[in-house]
Amino acid sequence: MANSISVNLISGRTIQQGVAIESGKEKPSYRTACGIIEMDSTDLKKLGAWKNTNVKVTTDYGSVIVKAVEATQGPHPGVAFIPMGPWANSVVSDNTYSTGMPTFKGTPAKVEIAMNEPVLLGIELVQKQCGVKVG
Amino acid sequence: MTKVITDVICPFCGTLCDDIEVTVSDDGKKLLEVANACVIGTEKFLHSQSSDRVMKPRLRQDDGSWKEISYEDAADYTAKLLAKAKKPLMYGWSSTNCEAQSVGNEIAEIAKACCDNTAAVCHGTTLIAVQDIGLPTCTLGEVKNRADRVIFWGCNPAHAHPRHMSRYSIFPRGFFTGKGQMSRKLVVVDPRCTDTAKMADMHLQVEQGRDYELLNALRIALKGEWLPDVVAGIPSEKIREAADTLKSGRFGIIFFGMGVTQSLSKNHNIDEAIALTKDLNEYTKYSIMPMRGHYNVTGSGEVFAWQFGFPYSVDLTRGFARYNPGDTSSIDLLARGEVDAMFTIGSDPGAHFPISAVKAIANVDSVCIDPHLTPTSGVSKLHVPVAFNGVECGGNCYRMDNVPIDCRKVVEPPQGMITDEAFLIMVRDRLKKLKGVA
Ligand code: SF4
């Protein structure tokens, strides 16, 4: 059991993400579908986290609170997956190495338990990070 | 009485299923049921009917609240924003039809804007590779009728293109593939044991980001040359077995996705995948195809290419089209802080760009044309909701294999709402006046 573990972070589409973006990104269902990190059961054990615990994911480019869930398409020890969306993109580098395309897959990340911190809604998360005043 | 409309096109993903059946009310105003689509496609149609939909353009006020304005005022605001800006970025285009894209290009020319589509964050690197070494490709109909070796490399159609496998690539019984799934061998390359990989005859669980090495090793294995014991996490015997499987078919197809376009080697991965396809053609017939995501991202590339000569990341600020990904591409422009006005249509960079680029959007004057509420509309100054493309208006779009298809309108948009094409025409005409263009 450790306070934090290191993983290789990737993102991508899930069918739940597809349904959620079509049913409304302002809704909590978007957070349920994409405000998560899918981790291998061995990695969850290493971290000492129960399934469905909130965790803080930190990279060189930012940090975000998401809910840790057990990988649905595993096993993939050492690899963690956040569905594509603002949660994943809060911790991704914008360096495109002159291709126009950021490296969305393969970001070294640290995951630690953050039981009492909330997972924000999608639009709220982006507005907060951008400092948008909301009336 | 209700009416059933058949042969409707689903405007969600690049598969562009054309067999959807939609039940609408007698007056054509309510969409009641959707048949044949996958869950995502069904949701796409049904969400247009939700009662909490935003119906009028809204301008953000100083206190952060929204004020409803008319489409005319919204078009004025947008035209002025583009006329004033030195380097506006017009981004998106993938969830709208080719007709609207073409009007958008006229606007971009007058405004001397940078224009880009969502290939920037999906298959942009593929387009670079195709310009490097070409693309031996085919249509999905050929895959259905001929392919007996199907490779999904770094893509997960079970989640991203849910009916791709049942309509084209795995299950259908085609002319030369009469036994459907039994006639085909499925090879999946993915660092995760995805739901697609679980169906495969062979899954190569490549080490994440090592696709280039594995592609290269397969090329070596085809030639029967020496290989190290393990490449990219895969034992050499398994690589040789995979090479034999690929070689032994009569018609093979490599589909590839974000797993290769978005990991570190980017366009070089695709170069190598295309080179593998070329090598395989020494033994049998092979094709390769990108799994394009948005329903009309392919069309956007086509329209850009025939009007400007380049498929994405076009910079018109000097009055002629320049293309240089890394320099003229959206995320680089935003990251360097060069953009002074943001125009988004039919896409959601707020959710799908790295947050540092989104911050650059929030810092400038901006308009977001989208029927949905999104993180992009959440950070934009003006949000213009429009009719749902492919549901409330028709228009031309391109399937992932570059086949153009006409979308069908199935219901009327709510009263007073206009299409994105109509709104773009309003903006274009105003901008012409402001710039004194005939
Ligand atoms: S597979 Fe794609 S095009 Fe077909 S119904 Fe599903 S979302 Fe629509």
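This is a predicted model: local features need pLDDT of at least 70, side-chain atom pairs count only at pLDDT 80 or more; totals for chains, interfaces and linings use all residues.

**Stop 1: the ligand**

Start by selecting the ligand and showing its neighbours.

**Stop 2: the domains of chain B**

Domain 1 covers 2–47, domain 2 is made of 58–121 + 295–435, and domain 3 runs over 124–290.

Keep domain 1 and domain 2 of chain B on screen. Their centres, taken over C-alpha atoms, are separated by 25 Å. Where they touch, 19 residues of domain 1 of chain B are in contact with 17 residues of domain 2 of chain B. About 1500 Å² is buried between these two domains, and carbon and sulfur atoms give 68% of that area. Select B:Ile9, B:Pro11 and B:Leu16 next: this trio supplies 32% of the area that domain 1 of chain B buries against domain 2 of chain B, more than any other three residues.

Polar contacts do turn up, in five residue pairs.

Switch to cartoon view for the domain 1 side of this contact. β1 (2–8), β2 (20–25) and α1 (39–47) of chain B each supply at least two residues there, and β1(B) gives the most, with four residues. By class, this side of domain 1 has 11 nonpolar, five polar and three charged residues.

**Stop 3: where chain A meets chain B**

Bring chain A back into view. The contact between the chains takes 54 residues from chain A and 65 residues from chain B. It buries about 4600 Å², with 60% coming from carbon and sulfur atoms. On the chain A side, pick out A:Glu22, A:Gln73 and A:Met101, which lose the most area to chain B and together make up 17% of what that side buries.

Next, look for charged partners: three salt bridges are counted between chain A and chain B. To see a salt bridge, zoom in on B:Asp348 and A:Lys25, whose side chains meet at 2.6 Å, N to O. Across the interface of chain A and chain B there are also 23 residue pairs in polar contact.

Which elements of chain A each supply at least two residues to the side that touches chain B? They are β1 (4–12), α1 (15–23), α4 (86–89) and α5 (122–130). The largest share, eight residues, comes from α1(A). Overall, that side of chain A has 19 nonpolar, 26 polar and nine charged residues.

**Stop 4**

Most residues other than glycine have a negative phi, and most peptide bonds are trans. Here are some exceptions.

- Select A:Gly74 and A:Pro75: a cis peptide bond joins them, with omega about 0°. A:Pro75 sits in the loop between β4 (62–70) and β5 (79–83) of chain A.
- Go to A:Asn52, which has a positive phi of about 65°. A:Asn52 is in the loop between α3 (41–47) and β3 (53–59) of chain A.
- Finish at B:Asp7, with a positive phi of about 55°. B:Asp7 lies in strand β1 of chain B.

How values were computed
Residues are numbered from 1 along each chain as its sequence is written. Chains are lettered from A and ligands numbered from 1 in the order in which they are written. Side-chain values use heavy atoms; hydrogens and water are left out. Domain bounds come from an automatic or database domain assignment. Contact means heavy atoms within 4.5 Å. Buried area is the accessible area (1.4 Å probe) that two parts lose on being put together, summed over both. A polar contact is a pair of N or O atoms within 3.5 Å; within protein, one must be able to donate a hydrogen and the other to accept it, and residues adjacent in sequence count only if both atoms are side-chain atoms. Ala, Val, Leu, Ile, Met, Phe, Trp, Tyr, Cys and Pro count as nonpolar, Asp, Glu, Lys and Arg as charged, and the others, Gly among them, as polar. A salt bridge is a side-chain nitrogen of Lys or Arg within 4 Å of a carboxyl oxygen of Asp or Glu.
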